[in-house]
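The structure is shown first, and the description follows.

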Amino acid sequence: MRRHGGRLICDARLSSLSRQPKGFYAQTGQGTIAASMVINAAGAWGDEVARMAGLSPIGLSPKRRTALVFKPEKTAVMDDWPLVIDFAETIYFKPEQGRILASPADETPMPPCDVQPDEMDIALTIDRLEKLSTLDVPKILNRWAGLRSFAPDRAPVVGPDGDCGDFIWCVGQGGYGIQTAPAMAALTKARALGRDLPDGLAGHDVRAACYDPARFRHPKL
Ligand SMILES: Cc1cc2nc3c(=O)[nH]c(=O)nc-3n(C[C@H](O)[C@H](O)[C@H](O)COP(=O)(O)OP(=O)(O)OC[C@H]3O[C@@H](n4cnc5c(N)ncnc54)[C@H](O)[C@@H]3O)c2cc1C
């Protein structure tokens with residue numbers, strides 16, 4: 001990006017986004033930025049950013065997901081253990097560098113915020129782990145929570161807004177935003193530039209229409 005003359009501006013909270021006849025003015029903590037195009041990759045805040053630009057939200061639902069890490073005392077953790085998830089999806093755990101990462105697979109609806117782990121979710125995780133496995137949890141080494149955001153049909157939302165073609169959505173990755181990041185970036189780029197999807201996506205039968213924000217206005221398409 002820098003080789004192409006791009007500039008990365010961090011710690012710049014967007015406080016307003018006004019649409020101009022051509023492009024946008026973005027008020028940020030680092031000053032006003034004029035832009036011909038905006039990519040809305042604001043995660044749980046995606047609808048909020050659209051509203052700032054006077055555009056309709058798509059109905060994103062941010063949901064809290066909790067995780068914790070511990071090292072069992074009675075069992076040596078092997079790195080080649082598989083990820084384990086119960087059929088009802090009430091818990092999953094996997095090895096991580098000699099420790100276990102576990103989650104109660106929670107999906108608690110929340111407004112967009114700097115979310116923190118809930119003590120009850122931590123306690124539930126340990127209870128389910130001890131019932132379903134022989135692993136002991138002597139001490140929790142790390143715990144955190146984050147927001148996973150879902151569109152109404154739980155598929156990602158990528159492409160130009162129906163009312164403003166220079167406002168590009170890239171949200172709603174749910175629980176797969178890390179693994180899908182390269183593909184989401186390639187899809188976003190193709191949609192923003194009005195290009196065909198690259199072979200890496202089209203070859204896997206990825207169809208832009210499945211992710212188009214317009215599907216929420218025309219649910220039958
Ligand atoms: C516990 C947990 C486990 C997960 N496990 C996995 C996994 O195993 N694999 C996987 O693929 N995914 C996983 N995910 C999901 C993954 O983390 C998300 O899908 C991904 O982070 C979404 O990335 P994003 O960049 O779109 O949104 P975010 O990571 O939410 O980033 C959005 C950014 O926009 C910023 N922002 C919002 N509003 C403004 C504003 N007004 N001004 C400036 N900045 C703003 C926010 O501060 C934030 O930094 C997990 C999530 C959680 C919580």
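## Phe 167

Phe 167 is buried, with a relative accessible area of 0%; buried denotes under 20% relative accessible area, exposed over 50% and partly exposed in between (1.4 Å probe, protein chains only). The residue lies in strand β12, where helices (H or I, at least four residues) and strands (E, at least two) are DSSP runs numbered from the N terminus.

Beyond neighbours within four places in sequence, Phe 167 has contacts (heavy atoms within 4.5 Å) that include Leu 17, Phe 24, Val 38, Val 49 and Pro 160. The C-alpha atoms of Phe 167 and Met 37 are 6.0 Å apart, although 130 residues separate the two along the chain.

## Basis of the model

The model is predicted: local features need pLDDT of at least 70, side-chain atom pairs count only at pLDDT 80 or more, and totals for chains, interfaces and linings use all residues. Residues are numbered from 1 along each chain as its sequence is written, and side-chain values use heavy atoms, with hydrogens and water left out.

## Nonpolar cores

A nonpolar core is a set of buried Ala, Val, Leu, Ile, Met, Phe, Trp, Tyr and Cys residues joined through side-chain atoms within 4.5 Å. The largest has 16 residues, and Leu 17, Ile 58, Phe 167 and Trp 169 have the most contacts inside it. At least two residues of this core come from each of β2 (24-28), α1 (46-52) and β12 (164-171); β12 gives the most, with four residues.

A second, separate core has 13 residues, among them Ile 100, Ala 102, Ile 122 and Leu 129.

## Val 137

Val 137 occupies the loop between α2 (119-132) and β10 (140-150) and is buried, with a relative accessible area of 14%. Not counting residues up to four places away in sequence, Val 137 touches Phe 70, Ile 126, Leu 129 and Glu 130.
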